Number of protein chains: 2
Amino acid sequence: MKLATYDNGARDGCLMLVSRDLTRACAAGIVPTLQAALDHWDEVAPVLEADYRALNRGECDESRPFDPVHCLAPLPRAYQWADGSAYPHHVESVRRARGVPMPERYYDDPLLYQGGSDCFLPPLSVLELADPAWGLDFEAEVAVITSDVAQGADPAHCAQAIRLLMLVNDWSLRELIPAELAKGFGFFQGKPACSASPLAVTPDEAGAAWRDGRLHLPMQVELNGQRFGHVDAGAGMHFPFPRLLAHAARTRRLSAGTVLGGGSVSSPESGSGECCLIERRMRELMEQGAVLTPYLRPGDRIRIEMLDAGGGSVFGAMEQLVVASRGAVKSPPANY
Amino acid sequence: MKLATYDNGARDGCLMLVSRDLTRACAAGIVPTLQAALDHWDEVAPVLEADYRALNRGECDESRPFDPVHCLAPLPRAYQWADGSAYPHHVESVRRARGVPMPERYYDDPLLYQGGSDCFLPPLSVLELADPAWGLDFEAEVAVITSDVAQGADPAHCAQAIRLLMLVNDWSLRELIPAELAKGFGFFQGKPACSASPLAVTPDEAGAAWRDGRLHLPMQVELNGQRFGHVDAGAGMHFPFPRLLAHAARTRRLSAGTVLGGGSVSSPESGSGECCLIERRMRELMEQGAVLTPYLRPGDRIRIEMLDAGGGSVFGAMEQLVVASRGAVKSPPANY
């Protein structure tokens, strides 16, 4: 089934069912929010599934046309955002750009960081950029949303805890990252709030493309209306989602509503393009001797979507316009 | 006022008011949970304050004896946990132990990491340790809980967003941390879920001890019933909380309910003891040529509390017994 969160003025919005063809939507009456559904998934999901089937048959009296302009992120705020970096080609490109080596045991030991989860931006929101010198980049990712995962759960247990899939744009401030990572404590300022796709969907919505813990569909990225990337999200993914989840759960349990990303989708095949600017920049540097593509500036527009084998949009489209923000919030001087 | 969250079977528990002398408690009728109070603080807090005054005067008919055994963490799950490391003596000790240098701009540029916030453990829970070889340590910290903070807010704005103070035990798995940090993406497995004090309190509960963005009271730590640390949480804190918050908010807003810690309380005065094992171990190594204090093992008990100038417990006591956990959750082999 396909789920969305409409803006109703509340922080967590209102949970909606959206028809498979993205034409109709109706409120999920049984729970008010997606987090509430995840908190009680086993009881709630069968009711939602029945309503979803009725919606698809055109038998939901209270449905209305689906319009993603009303969408918040499926989880406008979440209790956890853990982001893997499971595409070796991406890690190699980024580390080459930063001049640091690959992690020694990269192919055995998943790379994962704790991200900020208190805000996921809506799929059609503007992205406010306070300073273009920060080097704004996007990263188009597939993410999973889980129910509770026990500490020490192995990959097979983790696979069973995957409830939903969605797309994430993991905004990155490339020019802040090297100095931040040099401090040794990982990302903070370099990774502002992510954006999310309009829809979070159960894995069955992807059909046979969801297999071996990966989503085997192309991530489609447009920059300013031009195709930028069309990259298979499955082929280049070294660690499947259940392995990433088991890594995250090794020393602590994961609570329902945990969002875990696979990292910027990436492929070494140059014909497929890229899902972030930094890889394109590194390829330009290697192939043409100079970086030609700038980081994002106000006025740039990014569109991210994934179509299934039949051409249907699995998650709806994320489309963001970068705008200059009003800048810092200043006060009279104080003693801090 | 003093607030607690009682276990009522729900994930977020039930918000309680607790009398200043920690003898009586009553349910906060106006909102069900602490997160709900933080989401609507300006409207809710005056009502809670009036009820709190009545409770302290013995005029709350529905009050009952306060018993911390019913307490969950004040926020059993939170949307953000950001942990600073604002005590130079702690950073120097830990980095010496790991054999890595101080961050180059430590005294100008706050050190802060994104922690996992999907679970805060109750104040009197056992701490399950799957493997003593992980090197379990505690870190006694002061933390603030905020309302919404705008992106780019300066320290004076951030100071106004501090709604509550609490204590946190930031459990750390010392033997996992060096290899994890070497990968460059910060902590994940090395920092399992934190524990929290029974009470979160408004800053006025600390009286004059809450000033210049720091809490000037001694952190009192006992290990197995013996005094381990009695360390002023204000004197050794280089960056005050508003500076840490402004650092966190530089590139993104912080949502209501953000928990931000100051880091393991620490002092170079050897007479005051320590608030974590690793500092004690480094001091032993330097003064006596050998590490004598082991990391925590099943059966060890840690107690953390803070008393005000009049001897009253500001936050109640956190007391945790380390127990061996049942270990990993295994499944039949699968293709991950």
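This briefing describes selected helices and loop residues of chains A and B. The structure is a predicted model. In chain A, helix α7 covers residues 277–288, and helix α6 covers residues 241–248. In chain B, helix α3 packs with helix α7 at an angle of about 65°.

**Helix α7 of chain A**

- Helix α7(A) has 12 residues and spans 16 Å between its first and last C-alpha, close to the 16 Å expected at 1.5 Å a residue.
- The buried residues of α7(A) are A:Leu277, A:Ile278, A:Glu279, A:Arg280, A:Arg281, A:Met282 and A:Glu284.
- Those buried residues pack against α3 (88–98), β10 (136–137), β18 (218–223) and β19 (226–232) of chain A.

**Packing of α3 and α7 in chain B**

- Two packed helices are described by the angle between their axes and the distance between the axes.
- Helix α3 (residues 88–98) and helix α7 (residues 277–288) of chain B have axes 9 Å apart, at an angle of about 65°.
- Because of that angle, α3(B) is roughly perpendicular to α7(B).
- The crossing of these two helices, α3(B) and α7(B), is left-handed.
- On the α3(B) side, the contact involves B:His89, B:His90, B:Ser93, B:Val94, B:Arg96 and B:Ala97; on the α7(B) side, B:Ile278, B:Glu279, B:Met282 and B:Met286.
- The residues of this contact comprise 5 nonpolar, 3 polar and 2 charged.

**Helix α6 in chains A and B**

- In chain B, 7 of the 8 residues of helix α6 (residues 241–248) are buried, so the helix is largely enclosed by the rest of the structure.
- The buried residues of α6(B) are B:Phe241, B:Pro242, B:Leu244, B:Leu245, B:Ala246, B:His247 and B:Ala248.
- Their cover includes β7 (112–115), β11 (140–146), α4 (155–160), β12 (162–169), β16 (210–211) and β20 (258–261) of chain B.
- In chain A, 7 of the 8 residues of helix α6 are likewise buried, so α6(A) is largely enclosed by the rest of the structure.
- The buried residues of α6(A) include A:Phe241, A:Leu244 and A:His247, and among the elements covering the buried residues are β11 (140–146) and α4 (155–160) of chain A.

**Positive phi in loops of chain A**

- Most residues other than glycine have a negative phi.
- A:Leu22, a residue other than glycine, has a positive phi near 65° and lies in the loop between β2 (14–18) and β3 (24–27) of chain A.
- A:Asp212 also has a positive phi, near 45°, and is placed in the loop between β16 and β17 (214–215) of chain A.
- A:Asp212 counts as partly exposed because its relative accessibility is 34%.

Terms used: Residues numbered from 1 in each chain as written. Chains lettered and ligands numbered in written order. Predicted model: local features only at pLDDT ≥ 70, side-chain atom pairs only at ≥ 80, totals over all residues. Heavy atoms only, no water. Helix = DSSP H or I, 4+ residues; strand = E, 2+ residues; numbered from the N terminus. Expected span 1.5 Å × (residues − 1). Buried < 20%, exposed > 50% of the residue type's maximum accessible area, 1.4 Å probe, protein only. Contact = heavy atoms within 4.5 Å. Axes fitted to C-alpha atoms, helices over the stretch in contact; angles between N-to-C directions. Parallel < 35°, antiparallel > 145°, perpendicular 65-115°, else oblique. Left-handed = near helix turned anticlockwise from the far one by under 90°. Nonpolar A, V, L, I, M, F, W, Y, C, P; charged D, E, K, R; others polar.
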